[in-house]
Amino acid sequence: MKTITLDVPDMTCKMCVAHVTEALESLDGATDVRVDRAIGKAVVSGVEREAAEAAVREAGYTVA
């Protein structure tokens, strides 16, 4: 299963982490979602990079 790491630099609080996590978990096939605000990264398995990036952007965050 492919694991994708996304740079999400504009997460500033726990709610940001919750929004990004929810967006990634909502994707079909998504597993092992981990979001770390301190380092500005989100990791997800089981989905294509394009779908993960689109979900994070749709939630209102930048993917660098």
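This briefing describes the strands, helices and salt bridges of the structure shown above. The model is predicted. Three strands form an open sheet in the order S1-S3-S2, with antiparallel pairing. Five salt bridges are present in the structure.

**Sheet**
- Strand S1 (3-7) and strand S2 (31-36) are the edge strands, each pairing on one side only.
- From one strand to the next, the twist averages 10 degrees.
- Four bridges join S2 to strand S3 (residues 41-45) in the antiparallel sense.
- Asp36 stands opposite Lys41 in S3.

**Helices**
- Helix H1 (residues 14-25) lies across S1, S2 and S3, and runs at about 160 degrees to S2.
- Helix H2 (residues 49-58) packs on the sheet and touches S1 and S3. The direction of H2 makes about 35 degrees with that of S1.

- Glu48 and Lys2 form a salt bridge, with their closest N and O atoms 3.1 Å apart. Glu48 lies in the loop between S3 and H2, and Lys2 in the segment before S1, 46 residues apart.
- Glu48 is partly exposed, at a relative accessible area of 47%, and Lys2 is partly exposed at 45%.
- Asp7 and Lys41 meet through their side chains in a salt bridge (2.3 Å, N to O). This pair links strand S1, which holds Asp7, with strand S3, which holds Lys41, across 34 residues.
- Asp7 is partly exposed at 30% relative accessibility, as is Lys41 with a relative accessible area of 28%.

**Further salt bridges**
- Asp32 forms a salt bridge with Arg34, the closest N and O atoms lying 3.2 Å apart.
- Asp32 counts as partly exposed at 44% relative accessibility, and Arg34 counts as partly exposed at 45%.
- A network of salt bridges links Arg49, Glu53 and Arg57.

Key. Residues are numbered from 1 along each chain as its sequence is written. This is a predicted model: local features need pLDDT of at least 70, side-chain atom pairs count only at pLDDT 80 or more; totals for chains, interfaces and linings use all residues. Side-chain values use heavy atoms; hydrogens and water are left out. Two strands pair if DSSP finds at least two bridges between them. Helices (H or I, at least four residues) and strands (E, at least two) are DSSP runs, numbered from the N terminus. Axes are lines fitted to C-alpha atoms, for helices over the stretch in contact, and angles run from 0 to 180 degrees between N-to-C directions. Contact means heavy atoms within 4.5 Å. A salt bridge is a side-chain nitrogen of Lys or Arg within 4 Å of a carboxyl oxygen of Asp or Glu. Buried means under 20% relative accessible area, exposed over 50%, partly exposed in between (1.4 Å probe, protein chains only).
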